[in-house]
Amino acid sequence: MRRGVVWRDMPASPPLPPEFEAEVNAFERRSDDVLWLIARSALTKSDQRAFSRLNRLTQERSLTAHEQVRQQALMESYDHALVRRAHAAAILKMLSLIHI
């Protein structure tokens, strides 16, 4: 019941790609512990370094085709992680406002 109330009262968000929509809709059935893990998740240290390096390189020169593909993949991973974290954090915030 508690989660149903929270999910119903969640503010509307912009449309998400179908694969993200299905994933974040499943968050309603996740435990608080899992939601906390998701809310605190991040890119791996290796991916963070690679992403930073590629972003620095764009300031110095044009990226190669391979580097552009890698940068785009890392950007998509970052965006996905951000969407997941935001939705998990929003659910946790709403749950903390309801005392049942």
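E67 lies in helix α5. The model is predicted, so local features are described only at pLDDT of at least 70, side-chain atom pairs count only at pLDDT 80 or more, and totals for chains, interfaces and linings use all residues. Residues are numbered from 1 along each chain as its sequence is written, and side-chain values use heavy atoms, with hydrogens and water left out.

E67 is buried, at a relative accessible area of 11%. Buried means under 20% relative accessible area, exposed means over 50%, and partly exposed lies in between (1.4 Å probe, protein chains only). Residues up to four places away in sequence aside, E67 touches R53, L54, L57 and R61. Contact here means heavy atoms within 4.5 Å. The C-alpha atoms of E67 and F51 are separated by 10.0 Å. These two residues are 16 residues apart along the chain.

E67 also takes part in charge pairing. Side chains of opposite charge can pair when their charged atoms come close. A salt bridge is a side-chain nitrogen of Lys or Arg within 4 Å of a carboxyl oxygen of Asp or Glu. The side chains of R61 and E67 form such a bridge, at 2.8 Å from N to O. Salt bridges that share partners join R53, R61 and E67 into one network. R61 counts as partly exposed, with 36% relative accessibility. The structure holds 4 salt bridges.

Another of the salt bridges joins E23 and R84, and their closest N and O atoms are 2.4 Å apart. This pair links distant parts of the chain. E23 sits in helix α2 (residues 18-25) and R84 in helix α5, 61 residues apart. E23 is partly exposed, with a relative accessible area of 23%. R84 is also partly exposed, and its relative accessible area is 23%. A further salt bridge brings together the side chains of R70 and D47, at 3.1 Å from N to O. It too links distant parts of the chain: R70 belongs to helix α5 and D47 to helix α4, 23 residues apart. R70 is partly exposed, at 34% relative accessible area.

The protein as a whole has 5 helices and 0 strands. Helices (H or I, at least four residues) and strands (E, at least two) are DSSP runs, numbered from the N terminus. Along the sequence, the pattern reads α-α-α-α-α. Of the 100 residues, 29% count as buried. Among contacts with a separation of 6 or more, 72% are made by residues 24 or more positions apart. The protein exposes about 7100 Å², and carbon and sulfur atoms supply 56% of this area. Accessible areas come from the Shrake-Rupley method with a 1.4 Å probe; for residues, only the protein chains shown count as cover.

Helix α4 covers residues 45-60. At 1.5 Å a residue, its 16 residues should span 22 Å. The expected span is 1.5 Å times one less than the number of residues. The end C-alpha atoms of α4 are 23 Å apart, which agrees. The buried residues of α4 are A50, F51, L54 and L57. They cover an arc of only 125° around the axis, so they lie on the same side of α4. The arc is that of the directions from the helix axis to the C-beta atoms. On the other side of α4, K45, R49, Q59 and E60 are exposed.

Helix α3 (residues 32-39) has L35, I38 and A39 buried. Seen down the axis, the buried residues of α3 fall within an arc of 95°, so they line one face of the helix. The face turned away from this buried side carries the exposed residues D33 and L37.

Q71 is found in α5. Q71 is buried, with a relative accessible area of 19%. Leaving out residues up to four places away in sequence, Q71 touches F51, L54, N55, T58 and L63. Y78 is found in α5 (residues 65-97). Y78 is partly exposed, at 38% relative accessible area. M75, Y78 and L82 form a nonpolar patch on the surface. Together they have about 260 Å² of accessible area. Patches are made of residues with over 30% relative accessible area and no salt bridge; like charges are joined within 9 Å, and nonpolar side chains (Val, Leu, Ile, Met, Phe, Trp, Tyr) within 5 Å.
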